[in-house]
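Hi everyone, thanks for making time.

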Amino acid sequence: MDCEKLKSGVEAVLFALGEPLSEEKLADALGVFPHQVTEACHSLEADYQSREAGIRLICLDGSWQLVSEPQWGEAIRRVLSRKRPDKLSQAALETLAVVAYFQPVTRVYVDQVRGVDCSHSLSLLLDRELVEPCGNLDVPGRPILYRTTQAFLRSFGLRSLDDLPPLPDGMEEKEAEV
């Protein structure tokens with residue numbers, strides 16, 4: 001593989017990955033020797049510097065990563081702060097509804113209500129700060145209790161949990177049995 005094509009391959013793989021990748025793994029992915037990847041990376045690094053590109057290639061303990069040029073950090077932050085958050089999946093919305101209506105709840109309770117493992121959905125809701133831990137249930141194992149947050153209220157245009165629409169008839173009794 002010629003040098004320009006190898007540089008293009010390195011650039012494509014690192015851009016798509018978005019995190020550091022070792023020279024050995026890069027070489028394996030591109031079907032070349034590690035020393036060829038090293039040379040291509042150093043050449044790419046110099047190319048970005050010479051043309052004052054908005055990105056640069058850095059080496060972190062034998063692994064290479066594409067990063068943005070620090071001078072553009074504020075512009076990037078402004079754009080990212082305006083980015084609309086990704087929509088929640090149906091599973092995440094159902095998990096959020098169980099927490100909102102029956103809080104404080106444990107993960108096991110949510111699992112029982114939904115009939116499936118809700119660990120991933122609950123983790124996503126925690127990352128988005130729509131739910132938060134609010135203590136532990138006083139039983140063996142002390143499972144974590146979860147409740148909704150102020151961000152949940154803001155996101156759904158609610159002043160308080162009292163603004164939630166009522167559950168359909170019979171749902172409250174059905175849920176109490178779980």
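This is a predicted model: local features need pLDDT of at least 70, side-chain atom pairs count only at pLDDT 80 or more; totals for chains, interfaces and linings use all residues.

Residues are numbered from 1 along each chain as its sequence is written, and side-chain values use heavy atoms, with hydrogens and water left out.

Okay, find α3, residues 34-50. Helices here are DSSP runs of H or I with at least four residues, strands are E runs of at least two, and both are numbered from the N terminus. α3 has 17 residues and spans 24 Å from first C-alpha to last, close to the expected 24 Å; that expectation is 1.5 Å times one less than the number of residues.

Which residues of α3 are buried? They're V37, A40, C41, L44 and Y48, with buried meaning under 20% relative accessible area, exposed over 50%, and partly exposed in between, using a 1.4 Å probe and protein chains only. An α-helix has 3.6 residues a turn, so residues three or four places apart point the same way. On the other side of α3, E39, Q49 and S50 are exposed. The cover over the buried face includes α1, α2, β2 and β3.

Buried or exposed? G31 counts as exposed because its relative accessibility is 65%.

Now the largest nonpolar core, with 19 residues, where L96, L125 and F152 touch the most other members. A nonpolar core is a set of buried Ala, Val, Leu, Ile, Met, Phe, Trp, Tyr and Cys residues joined through side-chain atoms within 4.5 Å. α5 gives the largest share, five residues. Apart from this core lies another, of 17 residues, including L26 and V37.

Last stop, the strands. β5 and β6 run antiparallel, joined by four bridges, and β4 also runs antiparallel to β6, with two bridges. Strands pair if DSSP finds at least two bridges between them. Click on Y146 in β6: it's the bridge partner of V105, and P133 stands opposite Y146 too.

Definitions and conventions: Contact means heavy atoms within 4.5 Å.
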